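Please keep the sequence and the 3D view at hand while reading.

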Amino acid sequence: MTMLHNSLLQRWPQLKQDRRAVIAAWLLIALALALLPFVTDAALGRSWVRIVDFALLYILLALGLNIVVGYAGLLDLGYIAFYGVGAYLYALLASPHFGLHLPVWAILPLGALLAAIFGMLLGAPTLKLRGDYLAIVTLGFGEIIHIFLRNLDKPVNITNGPQGVNLIDPISIAGINLHQTQQFLGITFYKDYLYYYLFLTIALLIIFICIRLQDSRIGRAWVAIREDEVAAAAMGINTRNIKLLAFGMGATFGGISGGLFAGYQGYISPESFILNESIIVVCMIVLGGMGNLFGVILGAILLTTLPEALRYLGELQQWLFGRIVLDPADYRMLLYGLALVLMMLLRPAGILPSVRRKRELQPTPVVAEHEKDTVYDSTR
Amino acid sequence: MTNPLLSIKNVSKHFGGLAALSDVSLTIERGAIFGLIGPNGAGKTTLFNVLTGLYHASQGEVTLDGISLLGKPPHAIVNAGLARTFQNIRLFANMTALENVMVGRHARTRTGIFGAIVQHAAARDEERAIESRAHALLDYVGLGSAANQLARHLPYGDQRRLEIARALATDPRLLALDEPAAGMNPSETRALTPLLQKIRNDGVTLLLIEHDMPLVMTVCDRIAVLDYGKNVAEGTPAEIQHNPTVIEAYLGGTMA
Amino acid sequence: MNEFYQHLINGLVLGSIYALIALGYTMVYGIMQLINFAHGEVTMMGAMICLTVLNAMLGSSGMPHYLILLLGMGTAVIFCMALGFTIERVAYRPLRNAPRLAPLITAIGMSIVLQNIAMLMWGKRPLNFPDIIPIARFEILGAHITNVQIVIIVSAVVLMLGLWLLINRTRLGRAMRATSQSPALASLMGINPNTIISVTFMIGGGLAAVAGVMVNAYYGPAHYTMGFMLGLKAFTAAVLGGIGNVAGAMFGGILLGLIESLGAGYIHKLTFGFMGSDYQDVFAFMVLILILVFRPSGLFGERVGDRA
């Protein structure tokens, strides 16, 4: 294994030059992604295809939050609220709750827009706050949204309160209902497969967008703000607007994933949009490597699949001791918390750090000193 | 004296009860290299911060080419044509030298989210223009070979030059330099004089805070002296060197 | 019964508790410019430890109840002082010079870790305070006040006075003030900032423990998640009073208690029946957001909000 690894490493520069090798590699990746649901189903069972689908949803969320936290350096602890906004919008516009049944192509953009508006509404007054205040305000915002979702069933029933919304329309595209098993060319595609391809397409699209953004004028402005806000303003960057843009972009991705979640799951309740969920997404970014696309994707995959894998520990206990001594579901959050602390202490740049972040998270007194003042006058 | 580039009229700035600037007035002519000197704590950097929108003046008036700057946010002032460097270098430490200068082009470019994602022809052209301009500016300040180095790995003198290149990238009409020679070794300081003259000859007016007297006296056309937040003298280098108030307040006879 | 005075009394009691927790936030912030996200969990741990001691002692020993109560409180205070000390050592000290985001993330991590340790140790069910305090009711201005409420207010006042004396009248207090002004300068004067920071975390922990026990004794069951809301609200109180400002935290706590109590009492009327007391928690957040946006230095604070 190591030998293969080494020889690959040595030959990498040549391989990279060889067009055919590059094309072959991409084809291989594409094939692997296309076959993933079939392989997963055969090897681990249908429930794991569902887990893969959720991993894709979390990738979307993590990529969205990564724009805010990883690029622009703003710690948003209420991110899940945008997911909730997207999910509820889908649920309300495509379920018997109001008797509305709008098509998915109409709802998703609306959800993205609404989430972006919420993001801007939250960001506009708060983005001039220093980092830790921003963290706590966004946390408060997340809780407010949660409280409203839970209580807006009276006097007028909008969200249906703690019970949430049921019987949400499945997503259907070009007349194909993704909730129903489909046959193409003699191959059977089950519900979870169909959603897999939809989520994968959207994830690839968003990855593409993130790649384009990070090397653009806007992407550079985000990083500049993260590096030194005063200097960024001195370069003519309207720091507030550019930060708002990051917030809005992040929220948009959150809104889209929320809509997808509602359509896939078929029911939603306020309890899907609690602080812990926000923290899990932050955790994915920190674990994988803030600001690094592939690190963040890895973080999202790890943190969705590991807890599921942990369940086997429960089955193992059942088999060994005849009962579950420690329920893996109970220490999932504990492990997340430990991961946050340990990652920051031992490997602050994440498993796959972005080159830039890696340099940056090594302590430098210079950075710390810069963080003491802002663009704005203290005597205003 | 008909149409100065920068005009500062009766600017005052108080921090609590403390007057950091009181009633400062200056005019800077187009094409000048204008020196601002004075002892530490005299209010020079405070004046810079007022000019560039980091502080809000308690009273007074500042106009750049007839356009009022006071009350404008920092980015709008850059757009109006006033760029600056910082006394305690504030580069984007973890970006490369090239990226630093490319950020400087932000004010003069347009591509937004949409253009960045779809990369239509205009967006691609602009990105290419940003990059080539940044390379040109690095060459201009003599950092062409350091383009891909991280800003924070550059030697001190190069960091100062990079800050100048980055500020020039905003296409300023007036460039305000806050102690560009601070921390430089003698040979780096000597190399600064021709660079500043080159910038001026290329049409950028310079406002310079500096403690290095030989540099100030050689390079500046006019000099103003701040002391305790007040403008105590103004004139040509020769006049300043012989002004008794200045010698007493600041130079302390060391200028011989 | 006079509704208004009743809300006022309830608000005062609630506010005293917030103030005790807020002090922990504000002292740590004053010295390190760090929001100790795990502080709410320290409060929760205080309640849990005290409960454990009470339940253990009540069955077995024949000690009088008030002694057991003091013992429980004392154990909780000592435990939480140690906890505060440990949190700082483990999660914050190694990151003293790291970028801001790093200690913020460990702080959140610590808070989750503590919450889940509590869940594993004490379970997911809410735990009731044992029925050992005989409740006595008094009436003033047409409103009820209980002996527990009086004890809460009085002991909060005593603790805050004590803290005020400690900070303003002792050598240790002078060292704390010096460190919060400038750790570097303080260390030149022979003060070890690390010691001062540890002491600050310990005092904050001790006060939080008292507050946690009060919450449990007065408001009802202790739960492993109770620290989150309490912490958030106490933080709001600290910001309200001007974070970093000790007297401000006391006023901020009481003010927030009053706002919440009166707000929840009258929200139904204020919104023409649209919102009920379910929205009580929204008040704290609205206050927090409004204060941070419009007056980040708080009502009594120096300007600290704009040091990025």
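Is B:Asn10 buried, partly exposed or exposed? The model is a predicted one, and in it B:Asn10 is partly exposed, with a relative accessible area of 38%.

## Backbone angles

B:Asn10 belongs to strand S1 of chain B. Its phi is positive, about 50°, although the residue is not a glycine. Most residues other than glycine have a negative phi.

A second case occurs in chain C, where C:Gln33 also has a positive phi of about 50° without being a glycine. C:Gln33 is placed in the loop between helix H1 (3-32) and helix H2 (39-60) of chain C. With a relative accessibility of 21%, C:Gln33 counts as partly exposed, because the buried class ends under 20%.

## The contact between chains A and B

Chain B contributes 41 residues to the contact and chain A contributes 40 residues. Together the two chains bury about 3,500 Å², of which 59% is on carbon and sulfur atoms.

Two salt bridges are found across this interface. B:Arg90 and A:Asp228 meet through their side chains in a salt bridge, at 2.9 Å from N to O. On the side of chain B that touches chain A, the elements giving two or more residues are strand S1 (6-15), helix H2 (74-80), helix H3 (97-104), helix H4 (113-118) and helix H5 (121-140) of chain B.

## Salt bridges within chain B

Over all chains, the structure holds 16 salt bridges. B:Asp171 takes part in a salt bridge with B:Arg105, at 3.1 Å from N to O. B:Asp171 lies in the loop between helix H6 (156-168) and strand S7 (174-178) of chain B, and B:Arg105 in the loop between H3 and H4, so this pair ties together parts that are 66 residues apart in sequence. B:Asp171 is partly exposed at 31% relative accessibility, whereas B:Arg105 is buried at 11%.

B:Asp171 also forms a salt bridge with B:Arg133, the closest N and O atoms being 3.1 Å apart. B:Arg133 is in helix H5 of chain B, and this pair links parts of the chain that are 38 residues apart. A further salt bridge joins B:Glu234 and B:Arg222, whose closest N and O atoms are 3.6 Å apart. B:Glu234 lies in strand S10 (residues 230-235) and B:Arg222 in strand S9 (residues 222-227) of chain B, so the pair ties together parts that are twelve residues apart in sequence.

## Aromatic rings

There are 25 aromatic pairs over all chains. One of them is the edge-to-face pair of A:Phe38 and A:Tyr193, with 4.8 Å centre to centre and 75° between the planes. A:Phe38 is in helix H2 (residues 19-44) of chain A and A:Tyr193 in helix H7 (residues 191-214), so the pair links distant parts of the chain, 155 residues apart. A:Phe38 is partly exposed at 25% relative accessibility, while A:Tyr193 is buried, with a relative accessible area of 4%.

A:Phe54, A:Tyr83, A:Tyr88, A:Tyr195, A:Phe199, A:Phe261, A:Tyr264 and A:Phe273 form one aromatic cluster. Charged groups also meet rings: the charged end of A:Arg46 sits over the ring of A:Tyr190, 3.8 Å from its centre, and that of B:Lys198 sits over the ring of B:Tyr140, 4.4 Å from its centre.

How values were computed
Residues numbered from 1 in each chain as written. Chains lettered and ligands numbered in written order. Predicted model: local features only at pLDDT ≥ 70, side-chain atom pairs only at ≥ 80, totals over all residues. Heavy atoms only, no water. Phe/Tyr/Trp six-rings, centres within 6.5 Å; stacked < 30°, edge-to-face > 60°. Helix = DSSP H or I, 4+ residues; strand = E, 2+ residues; numbered from the N terminus. Buried < 20%, exposed > 50% of the residue type's maximum accessible area, 1.4 Å probe, protein only. Lys NZ or Arg CZ within 6 Å of the ring centre and 35° of its normal. Contact = heavy atoms within 4.5 Å. Buried area = accessible area lost by both parts, 1.4 Å probe. Salt bridge = Lys/Arg side-chain N within 4 Å of Asp/Glu carboxyl O.
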